[in-house]
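The following exercises ask the reader to work through one structure step by step. Each task is followed by a solution.

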Amino acid sequence: MSAITIRKIKTILTAPRRIDLVVVKVETSEPGLYGLGCATFTQRYLAVASAVEEYLKPLLEGRCVDDIEDIWQSAMGSSYWRNGPVLNNAISGVDEALWDIKGKLANMPVYELFGGKCREAAAVYRHTDGSSPEEVEENVLRYLEEGYRYLRCQMGTYGGQMGKGSRQVIVSPENSKPGAYFDPAQYCESTVRLFAHLREKVGYGVELLHDVHERLTPIQALNLAKQLEPYRLFFLEDALPPEQVEWFERFRSQTAVPLAMGELFNNPLEWKDLISRRLIDYIRVHLSQIGGLTPARKLAALCEAFGVRTAWHGPGDLSPVGVAAQLHLDLSSPNFGIQEFSGFSEEEQEVFPGCPEVRNGYLYANTKPGLGVDLDEEKAAKYPCSYREPGWLLARTTDGTAVRP
């Protein structure tokens, strides 16, 4: 029997949730057999599409679909310079599509290829936000009624939007540039007040999380972590930017708050030391940002060896194909911790048949071969991409200094 090869690689750009998504479709020499993978880098989606179409497509068409590891290594090494978000996302799209194909050839869900289920479903956390502690409380109670038990609580997105719920008004210099301004001191004060309020109102029977989103100086973030200790967070997320990860040694020695880190990571050098020295409790990388399922499986195994659990990044700018890829890894990883989940819009479910289902706070994969999610290209075309800069990315401190998230 002749080997099945890659016949065609193409990108599909769609925005059924008004968030620009990139999905890679790998068609094979076997009629009707194809795979899908997530390559979404919303802020630079056209660059990813170009990397797939102009570089990976001519490199990989004609290759045997079975050779997932060798294809990944070839795609990563062929550019010489590597481990950037554009190339990693492009490679991820092909990589996840090849795992999808391998599952279909084996007539198994991908989690079976990874050794089978460790659990029937993955516990997820949802996002709660509001302009005041009372409004956040209302959203927490709403999700609790829907069966969720893990909730990330913010007051005004990241940093108070930027100062919602604070007792002071932000005053900036004249002629300051546009952006969402916040005061780090007010943000820290209002965040502590938020969690004091929530624990008083909803108790300790629900797991609460918080995302700093790398917007504080290291010493500010450490002080915030110490002040949040009485409220027993499930974890404090991305307290530091990747450029300041050395500070986690001080965090580990001075606070008992569990630490999650990594959604901006691209390169193994950014996480190896944190994991091997046990300086974090949860790894939060975005699977496509590091190159797909192939490196993520290895990362999960590395974490297992050092007692670190997984909490893969699951924002709105993740296609349902990407959600499914993470879920198959969640189900088969013994050191799974929690999965971030942003839900699916009706339009997304229309474009992507087979979306995982959430019931009582748990995300369930279907039993279809491969990743279990398909894509209707005709319906996807109804929702064209049109990039809009998210306002919260344009954050500035009170004196007008740009904050790099």
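**Exercise 1. The hairpins**

*Solution.* The model is a predicted one.
Step 1: locate the two strands. Strand 1 covers residues 6-14 and strand 2 covers residues 21-28; they pair in the antiparallel sense over 8 bridges.
Step 2: find a pair of facing residues. I12 stands opposite V23 in strand 2.

*Solution.* 
Step 1: E27 has Y34, in strand 3, as its bridge partner.
Step 2: this hairpin has 5 residues between the strands, and G32 takes a positive phi near 85°.
Step 3: Because 4 of its 5 residues are buried, strand 3 is largely enclosed by the rest of the structure.

**Exercise 2. Aromatic rings**

Determine the geometry of the aromatic pairs Y80 with W81 and Y150 with F234.

*Solution.* 
Step 1: a pair of aromatic rings is described by the distance of the centres and the angle of the planes. A search of the whole structure finds 10 aromatic pairs.
Step 2: the ring centres of Y80 and W81 are 4.8 Å apart and the planes stand at 75°, so this pair is edge-to-face. Both Y80 and W81 are exposed.
Step 3: for Y150 and F234, the centres are 5.2 Å apart and the planes are at 80°, so this pair is edge-to-face.
Step 4: Y150 belongs to strand 5 (residues 150-153), whereas F234 lies in the loop between helix 7 (218-228) and strand 8 (235-237); the pair links distant parts of the chain, 84 residues apart.
Step 5: compare with the cut-off for burial, which is under 20% relative accessible area. Y150, with 23%, is partly exposed, and F234, with 11%, is buried.
Step 6: Y150 and F234 belong to one aromatic cluster with Y125, F235 and Y282.

**Exercise 3. A pocket**

What lines the second largest pocket, by class of residue?

*Solution.* 
Step 1: about 270 Å³ of space lies in the second largest pocket.
Step 2: its lining has 13 residues, and W72, Q73, N83, P268 and P295 lie nearest its centre.
Step 3: helix 2 (68-77), helix 9 (268-276) and helix 10 (293-305) each supply at least two residues of this lining.
Step 4: sorted by class, the lining has 8 nonpolar, 3 polar and 2 charged residues.

**Exercise 4. A loop residue**

Is S333 buried or exposed?

*Solution.* 
Step 1: S333 is found in the loop between helix 11 (320-332) and strand 12 (339-340).
Step 2: the relative accessibility of S333 is 6%, so S333 counts as buried.
Step 3: the C-alpha atoms of S333 and R297 are separated by 8.5 Å, and these residues are 36 residues apart along the chain.

Terms used:
Residues numbered from 1 in each chain as written. Predicted model: local features only at pLDDT ≥ 70, side-chain atom pairs only at ≥ 80, totals over all residues. Heavy atoms only, no water. Phe/Tyr/Trp six-rings, centres within 6.5 Å; stacked < 30°, edge-to-face > 60°. Buried < 20%, exposed > 50% of the residue type's maximum accessible area, 1.4 Å probe, protein only. Pairing = 2+ DSSP bridges. 1 Å grid on protein atoms, 1.4 Å probe; cavity = no way out; pocket = protein on both sides within 12 Å on 5 of 7 lines; lining within 4 Å. Points joined across faces, edges and corners; volume = space filled by probe spheres on them. Nonpolar A, V, L, I, M, F, W, Y, C, P; charged D, E, K, R; others polar.
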